[in-house]
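Subject: Structure handover

Hello,

Here is the structure I promised to pass on. Please open it alongside this note; my findings follow below.

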Amino acid sequence: LLATRNTSHGKKESHNRHATGSIILSCSDLYKAKLRDNCVARSKSVSPPEDYFTKMLTKGDLVTDPTDPEEVDDLKAFLADCEGFIMGSPTWNTSALTGRSGLGMDQVCEQLRAGELSDVVGNKKAAVFGCGDGFLYGDNFSEMVDEVYHALKGAGAEMVGHWEYTTDDSDDENPRYYDGFTESKAIVGSGGSSPDGQSQGSAEEGSALYGLVCDQENHSEMSEQRVKVWCEQLKAEMA
């Protein structure tokens, strides 16, 4: 999911924009980040998970008009208008080395890694987010976040938006509290930043994820506050 200034380049019309899961959003002004308090959809159960992320970001002024990357004829021209990016995707292909989303975001990452988008991504600020199931996929928690993060970083983007977390259950209402997940490449210092580029980090030993992760399956009640806190963080970091 990408936050961009406009969608004037090569966007196709579609009546089923959410079908594939990876979405491009346009924003009115990324750097002012005019997010209102109601930036999160209040639904407790939204499926598929990418619909939930679309709703929670398009409720604010930051992003509007979701578009699947597969519906953009010229991705490079589209991204050239971007002042910055917020990219995200679900993780369907757990444990995969690459192509972890199983969706259109895989092709975006391939182009980023190949250097095909470096001249339109380089030196621009970017943040990533994802969704994960901390109990069913606790040993591969939201690892597409790592893949998107390092694809952008490798293309020269200035990465922001690390999400500090805790596994201390003494305050289980803390939006930064996570339970269930044990390992992930999305933990800062692991995945693409590890010596072999693929090592997982330990949830207990880590302290931050490469970007925001919401667990809508197990902790939907925390998602709203998590997004609010992260958006406030992005206002400062992307200014």
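With which strand does β4 pair, in which sense, and over how many bridges? Its partner is strand β5 (residues 125-131), and the two run in the parallel sense over 7 bridges. Two strands count as paired if DSSP finds at least two bridges between them. Helices (H or I, at least four residues) and strands (E, at least two) are DSSP runs, numbered from the N terminus.

Before the rest, some ground rules. This is a predicted model: local features need pLDDT of at least 70, and side-chain atom pairs count only at pLDDT 80 or more, while totals for chains, interfaces and linings use all residues. Residues are numbered from 1 along each chain as its sequence is written, and side-chain values use heavy atoms, with hydrogens and water left out.

**Strand β4**

Within the pairing, Phe85 has Ala126 of β5 as its bridge partner. Buried means under 20% relative accessible area, exposed over 50%, and partly exposed in between (1.4 Å probe, protein chains only). In a regular strand, side chains alternate between the two faces of the sheet. Here both faces are covered. Gly84, Ile86, Gly88 and Pro90 are buried on one side; Phe85, Met87 and Ser89 are buried on the other.

**Salt bridges**

The whole structure has 5 salt bridges (a side-chain nitrogen of Lys or Arg within 4 Å of a carboxyl oxygen of Asp or Glu).

One joins Asp119 and Lys76, with the closest N and O atoms 3.1 Å apart. Asp119 sits in helix α4 (residues 118-121) and Lys76 in helix α2 (residues 75-80), so the pair ties together parts 43 residues apart in sequence. Asp119 is exposed, at 57% relative accessible area. Lys76 is partly exposed, at 33%.

Another joins Arg100 and Glu147, at 3.8 Å from N to O. Arg100 lies in the loop between β4 and α3 (105-113), and Glu147 in helix α5 (residues 144-154), so this pair ties together parts 47 residues apart in sequence. Arg100 is buried at 2%. Glu147 is buried at 5%.

Glu147 also bridges to Arg113, at 3.1 Å between the closest N and O atoms. Shared partners join Arg100, Arg113, Asp146 and Glu147 into one network.

**Helix α6**

Gln233 lies in helix α6 (residues 220-237). Gln233 is buried, at 16%. Its C-alpha atom is 9.2 Å from that of His162, 71 residues away along the chain.

Best wishes
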